[in-house]
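Q: Please take a close look at one part of this model. I would like a connected account of the strands there and of what surrounds them.

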Amino acid sequence: QTFSDAFAGFGSNDREPIQIEAKELKVQDKSQSAVFSGDVVVTQGEATLKTQRLIVHYDGSAAGGVNQRISRLEASGRVYIASKDQTATGENATFDMNRQLMVMTGKEVVLSQGPNVVVGNRLTVNLKTGQADLEAPKSGRVKVLIQPKSLNEGAPRN
Amino acid sequence: MASAQRAARRHSRRVRLLRLLIPGLGGLLLLAIIGAVAVNSYLSSLGFGPISLTADGLVMDNPELSGHDGDRSYRVSADRAIQRISDPRMIDLERIVADLRLSADQQVSLRAVRGTYNSGAETLDLADGIDVETNTGEKARFGSLRVFLDSGRIDTDDAATFTSSFGSLRAARMRFNQKTGTLTFSDGISMTVIPPNQESKR
């Protein structure tokens, strides 16, 4: 069973516009951050992120490196991420744009694709390759490792 | 060669602007209004055309206030300024035009249909549509704005719309607190961010 690289490109795809809706946005120039709060919905292409609170951090170095841009996203509060046929829900998720890593945590992190559902407490996704690693608490529950490139029923390569 | 320079300038402008993305959409434009608020520290000159006394007050035609301080400068004018007889602290302004140079390469212009300056409360209420634009292409449109001249705070309970080459932001309400440097949009916000490379295709 494999999960397609649905999560590949989430947040790092810079071709399509990003749409952000929320109740409130607070921009703090000094701390180089913007905080969206209240039913935050972020959509880009086929990817959607829903959360109660989203903090966007900027590369702040005043020296002005070339790729000055969003360095980190922190989502908290009923975080739901969907991309193509895959969804993941948890309590918190952080996107490290520089290392292209998304880490979702929570008492119950639920990763699902169609009928397949796997539960753990920590999901790590490589945003470039889409590889998702779901870890379960040490209580001996099976740790599920999902390989994106393993054989799957001829799912179209995209 | 020129197109390469233009592209390089556009790129560096975009990189600089990208860094200002969300704060920039809000903060940079508000800087303009704050620039106007910091009016008193400038060497300023006040000029106006003929003055007439009418039923609604002392009317000054084409009042103009300008000043400069190093490469910062401002020029604020109006078609008419009417000091109310009923309350001389209140000055109504018609068609306000403000041009501000915040630094060598940062200019901002502000146009407001109507305004009321209350020298008692140190507030400036702008109404009936305000347009703000910067020389780097950012634009903002407000229904109304209340500027607290003493604290530099700006509030609006009307819709605020910001657009730049990076996208747009729409919010139902806005509060800008200059002291803390915090800009708050509330009662529903909607933002669209256009990725850079799509922008150059336009």
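Over how many bridges do strand 7 of chain B and strand 8 of chain B pair, and in which sense, parallel or antiparallel?

A: Strand 7 of chain B and strand 8 (residues 123-134) of chain B pair in the antiparallel sense over 10 bridges. Some ground rules come next. This is a predicted model, where local features need pLDDT of at least 70, side-chain atom pairs count only at pLDDT 80 or more, and totals for chains, interfaces and linings use all residues. Residues are numbered from 1 along each chain as its sequence is written, chains are lettered from A and ligands numbered from 1 in the order in which they are written, and side-chain values use heavy atoms, with hydrogens and water left out.

Strands are DSSP runs of E with at least two residues, numbered from the N terminus. Two strands pair if DSSP finds at least two bridges between them.

In strand 8 of chain B, Asp125(B) is the bridge partner of Thr116(B). The hairpin of these strands has 4 residues between them. Glu122(B) takes a positive phi there, near 55°. Most residues other than glycine have a negative phi.

Now the other partner of strand 7. Strand 6 (residues 90-103) of chain B pairs with strand 7 (residues 106-118) of chain B, again antiparallel, over 12 bridges. Leu100(B) has Val108(B), in strand 7 of chain B, as its bridge partner. A hairpin of 2 residues joins strand 6 of chain B to strand 7 of chain B.

Next comes strand 5 (residues 72-84) of chain B, which holds Ser77(B). Ser77(B) counts as buried (under 20% relative accessible area, with exposed over 50% and partly exposed in between; 1.4 Å probe, protein chains only). Its relative accessibility is 13%. Contact means heavy atoms within 4.5 Å. Leaving aside neighbours within four places in sequence, Ser77(B) is in contact with Pro63(B), Glu64(B), Arg95(B), Ile96(B) and Val97(B).

Arg78(A) has a phi near 45°. Arg78(A) sits in strand 5 (residues 70-83) of chain A and is exposed, at 61% relative accessible area. Gln100(A) has a phi near 55°. Gln100(A) is in the loop between strand 6 (86-96) and strand 7 (101-113) of chain A. Gln100(A) is buried, at 12%.

Back in chain B, Leu58(B) belongs to strand 3 (residues 57-61). Leu58(B) is partly exposed, with a relative accessible area of 32%.
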